[in-house]
Amino acid sequence: MCRKDAIIRGKVYVLGDNVNTDLIIPAKYLNLVPTISEEYAKLGSLALAGLPDSCPRFVAKGLEKTDYPVIVAGRNFGCGSSREHAPIALGAAGARAVVAQSYARIFFRNAITTGELFPLESAERLCDALRTGDEVEINMEASTLVHPASRRVFALKPLGAAAPVIRAGGLFAYARAAGMIHAAPAAEPSGKAEAAVPGDSPASDAAIAASGDRATRIIAVANQKGGVGKTTTVINLAACLARMGSKCLVVDIDPQANATSGIGLRIQQGASLYTALLGSGSIEPLIKKTAWANMDVIPSELDLAGSEVELARLDGYLHKFRAVLHPLARRGIYDFIFVDCPPSLGILTMNGLTAADSLIIPIQCEYYALEGLSVISRLMEQLRDSGANPAIEIEGVLMTMYDGRTKLADQVVEEVRRHFGDRVYSTLIPRNVRLSEAPSHGLPGIDYDARSSGAVAYMRLAKEVLDRARRRQE
Ligand SMILES: Nc1ncnc2c1ncn2[C@@H]1O[C@H](COP(=O)(O)OP(=O)(O)OP(=O)(O)O)[C@@H](O)[C@H]1O
Ligand SMILES: [Mg+2]
């Protein structure tokens, strides 16, 4: 199954008008049964196999997955016979969205009920504006498709109520999750993940076995916008607090696993929260030691992406992370647990926010900084109002990648301060190349170059975080 995030980035595959279902998946392959995993994969390898040989292959010979997560087309996409296999084949190949001018009704419906991919509509004729291989970014929250090379932004029609159905993994998964029909039995634990989890270096048994008396604060670092400094903040803030004597745990819930590798851990298949989230056991065996005495990590890896789809099938799927994290927090071993969230408002991020006491929102000092902030503010209100996490609060808003030489940066900071008041940290994190080099060495900024402006800023931020914690206790 494909990931169903709020941001979809990658190459486009461009088609014209009236792409029919026989081009998408020729009738001779309809004997393949999508619920059998090998046949599902085979269907993916055959996606768009009905196109003439003169077209570039959508899935390269010998492969099961495409290089093109986005298909762009003209009018009446998916016309012809009403086969459900059409969206399934595209989804199985790894396509995550089609952006067409219009759809054959049945294809549109099948895409939603199977949850395989987003059938998006554009007012403009994108198949004339883009070429196969162009890189684009679809923002589901903003309903836009951006073509960075030409700096063009195309409006998409919002999917409305269909979007959560697709995110949940289709109509049945959605209905189960919403309690409309009985939930499927909990997924069987995947042996693969369980076997790999203990890994090379679980954190010292002594540290985990002994309970402490620390008042653990769980802080999610989230912003659905990508590349704003979430992971850099998690790594550096945790490292600075650890240096100052606080015991920190970093939990990486982003399948990109940047926090895991940035702290110097090898990314290991199976070593993530996957099985714990699906209800198979405690998370304590997942905790790994790092090179720093006061800092532990629960790592991530790409397979965690699959848990979103699995989670969507379970009752109470927003609380799965909370259910396994809170028993650990109650043991008082850590002062801070930082949760590094993916750049989306998908099920993993929602689990992070439901589990957290508070939220740090990093905001990049750039023109579009405020875009999407209303989304996250609204989301927090929903978490409170729905009872999913009534106590969640904003820990702080952090301005990142600040460049004091530009007037724009100061304007953005001013604007964010007007909006969030004293919840904005007075520390500004400067744009600093040493901070961007450090992760490839598996080091936080203070260990890579303690005197760099970035490392100094994160030390200052750590003091601010501690000050706020003290003030809360007074
Ligand atoms: N203050 C900074 N100065 C310079 N480069 C930075 C700074 N903060 C982050 N970066 C770099 O910017 C990129 C994005 O940062 P980071 O990975 O922390 O963002 P993110 O919000 O976690 O991204 P994603 O949304 O993909 O998870 C990385 O290459 C990082 O090294
Ligand atoms: Mg990140």
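**View 1. Lining of the second largest cavity.** T232, I235, N236, G262, L435, A438, P439, L443, P444 and G445 line the second largest cavity (on a 1 Å grid over the protein atoms alone, a cavity is a set of points where a 1.4 Å probe fits but cannot get out, and lining residues have an atom within 4 Å of a point). The model is predicted: local features need pLDDT of at least 70, side-chain atom pairs count only at pLDDT 80 or more, and totals for chains, interfaces and linings use all residues. Residues are numbered from 1 along each chain as its sequence is written, chains are lettered from A and ligands numbered from 1 in the order in which they are written, and side-chain values use heavy atoms, with hydrogens and water left out. The whole structure holds two cavities of 30 Å³ or more. The lining comprises six nonpolar, four polar and no charged residues (Ala, Val, Leu, Ile, Met, Phe, Trp, Tyr, Cys and Pro count as nonpolar, Asp, Glu, Lys and Arg as charged, and the others, Gly among them, as polar).

**View 2. Packing of α10 with α20.** Helix α10 meets helix α20 (residues 453-473) at an angle of about 70°, and their axes are 9 Å apart (axes are lines fitted to C-alpha atoms over the stretch in contact, and angles run from 0 to 180 degrees between N-to-C directions). The two helices are therefore roughly perpendicular (65 to 115 degrees). T232, T233, N236, L237, C240, L241 and R243 of α10 touch Y458, M459, L461, A462, V465 and L466 of α20 (contact means heavy atoms within 4.5 Å). Nine of these residues are nonpolar, three polar and one charged.

**View 3. Packing of α13 with α15.** Helix α13 (residues 304-312) and helix α15 (residues 347-355) pack at about 80°, with axes 9 Å apart. Helix α13 is therefore roughly perpendicular to α15. L304, S307, E308, L311 and A312 of α13 meet I347, L348 and N351 of α15. This contact has five nonpolar residues, two polar and one charged.

**View 4. Packing of α3 with α4.** Helix α3 (residues 85-92) and helix α4 (residues 105-114) pack at about 55°, with axes 8 Å apart. A86, P87, I88 and L90 of α3 touch F107, N110, A111 and T114 of α4. Six residues of this contact are nonpolar, two polar and none charged.

Note on methods:
Helices (H or I, at least four residues) and strands (E, at least two) are DSSP runs, numbered from the N terminus. On a 1 Å grid over the protein atoms alone, a cavity is a set of points where a 1.4 Å probe fits but cannot get out, and a pocket is an open set with protein on both sides within 12 Å along at least five of seven lines; lining residues have an atom within 4 Å of a point. Grid points are joined across faces, edges and corners, and a volume is the space filled by probe spheres set on the points. Angles under 35 degrees count as roughly parallel, over 145 as roughly antiparallel, 65 to 115 as roughly perpendicular and the rest as oblique.
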